[in-house]
Amino acid sequence: MDSLTDLICRYQETRDPADAEKIIETIGPDLSRYIRSRIAPNSAKRDAWEDAFQETLVAIVRGLPSFHIGNADTFLSYCYAIARNKVADQFRGTKTEMNTFVDPELLREALAGLKDKTMSAESWADLNAAIALLKKNDPPCLEYLWNRYFVGLSFALLGEEYGITEDAATKRVRRCLSLARGLTED
Amino acid sequence: MPDDTTNEEELLEKFSHAVREGWAQRHPLTEQQRGLVRGAVEKQLREDKDLSPEERRKKAEKERLKQMEEQEQEHEMKKKRERGRGR
C-alpha cells in the first residue's frame with residue numbers, strides 16, 4: 001500500500017483524480033470524526049458538519065498541487081487546520097459554540113459501526129470500562145482525553161488544537177491519565 | 001526506565017482503536033464526496049490548463065502563502081484562547 005506522502009508526491013506529478021481520491025480515502029474518516037465532534041447535528045444548521053466536511057475535502061484537494069510535502073504529519077497538520085477553519089466558518093454569525101466535549105450521541109454513532117462485528121466479551125468489557133473511565137473525568141481532563149482517544153488526535157495535533165507544544169500536550173494527557181487512575185482507585 | 005504505560009492508557013488506546021474502526025465502517029466516503037473530490041481536481045486542471053508554467057508557479061506560491069497565513073492566524077487564535085483558559 002502506498003504511503004500518504006507517496007500518494008501526495010504522485011498526485012503532484014500526475015494530477016490523477018484517482019490518486020486524489022485515495023488520499024481523501026486515507027484521511028477522510030478521521031477528519032469527518034473530528035468535524036462531527038465539533039459540530040453537533042443540532043448545534044448550527046442542519047447538516048452543518050457534512051457541509052464543513054465537504055468544504056474541507058475540496059480545500060485539501062485544491063491545496064494538494066502546491067503543498068510542500070515534508071512528511072505525513074505536516075500534511076495531517078495542514079488538513080486539520082483547514083478542517084478547523086471550515087468548522088469555525090459554520091459557527092460564524094451564530095450564537096452557538098462549537099462542541100469540544102463528550103457527546104453521548106456521537107459516541108453511540110461511532111460504536112454503532114462495530115455492532116455487527118464479532119467482538120469478544122472481553123473487548124466489549126474493555127470498551128465499556130474505557131467509556132466509564134472517560135465519564136469519570138471532569139473538564140478540562142475530560143476534554144483532553146476525549147480529543148486524544150475519541151477524536152483520535154495525535155499529541156502533535158492536540159498541541160495545535162490548544163496552541164501548545166506537542167510535549168506540553170503529551171504531559172497534559174499523562175497528567176490526566178494519572179488523575180484518572182486516582183479516580184478508578186477511589 | 002520503567003514502563004509508564006498504565007492500564008488506563010491501554011484501555012483508552014483500545015477504545016480509540018475501536019472508535020476509529022467503528023466510525024470508518026459507519027462513515028465511508030460517499031459517492032457524492034468522491035464526486036466532489038474528482039470535480040475539484042478536474043476544475044483545477046481546467047483552470048491551470050490556460051496558465052503558462054510561470055503563472056502556474058506564481059499561483060501555487062500564492063496559494064501556499066495564503067495557506068501559511070491562515071495557519072498562522074489560526075495558531076495565534078488558539079494561543080490566545082489557551083492563555084484565556086489558563087487564567
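Predicted model: local features only at pLDDT ≥ 70, side-chain atom pairs only at ≥ 80, totals over all residues.
A salt bridge here is a side-chain nitrogen of Lys or Arg within 4 Å of a carboxyl oxygen of Asp or Glu.

Residues are numbered from 1 along each chain as its sequence is written, chains are lettered from A and ligands numbered from 1 in the order in which they are written, and side-chain values use heavy atoms, with hydrogens and water left out.

**Stop 1: the interface.** Show both chains. The contact (heavy atoms within 4.5 Å) takes 60 residues from chain A and 47 residues from chain B. Together the chains bury about 5,200 Å², 58% of it on carbon and sulfur atoms; that is accessible area, 1.4 Å probe, lost on being put together and summed over both parts. Now pick A:R15, A:R62 and A:Y149: they supply 14% of the area that chain A buries against chain B, more than any other three residues.

Stop 2: Chain B has three helices and zero strands, where helices (H or I, at least four residues) and strands (E, at least two) are DSSP runs, numbered from the N terminus. Of its 87 residues, 29% are buried, meaning under 20% relative accessible area; exposed is over 50% and partly exposed is in between (1.4 Å probe, protein chains only).

**Stop 3: α7(A) on α1(B).** Bring chain A back and select residues 141-150 of chain A with residues 7-26 of chain B: these helices pack at an angle of about 55°, axes 8 Å apart. Axes are lines fitted to C-alpha atoms, for helices over the stretch in contact, and angles run from 0 to 180 degrees between N-to-C directions. That angle makes the pair oblique; under 35 degrees would be roughly parallel, over 145 roughly antiparallel and 65 to 115 roughly perpendicular, with the rest oblique. On the α7(A) side, look for A:R148, A:Y149 and A:F150; the α1(B) residues include B:E13 and B:F15.

Zoom in on B:E13 and A:R148, whose side chains meet in a salt bridge (3.4 Å, N to O). B:E13 is partly exposed at 34% relative accessibility, whereas A:R148 is buried at 14%.

**Stop 4: α5(A) on α1(B).** Next select residues 104-112 of chain A: the axes of this helix and α1(B) come within 6 Å and cross at roughly 75°, so the two are roughly perpendicular. Among the contact residues are A:L106, A:L107 and A:A110 from α5(A), and B:F15, B:V19 and B:W23 from α1(B).

**Stop 5: around A:D30.** A:D30 forms a salt bridge with B:R20, closest N and O atoms 2.4 Å apart. A:D30 also pairs with A:R33, at 3.2 Å. Both A:R33 and A:D30 are buried, and they lie three residues apart in helix α2 (residues 17-38) of chain A, about one turn of the helix.

**Stop 6: B:L29.** Which residues touch B:L29, leaving aside neighbours within four places in sequence? Select A:E21, A:I24, A:E25, A:F53, A:L57 and B:R34. B:L29 sits in the loop between α1 and α2 of chain B and is buried, with a relative accessible area of 12%.

Conventions. Buried area = accessible area lost by both parts, 1.4 Å probe.
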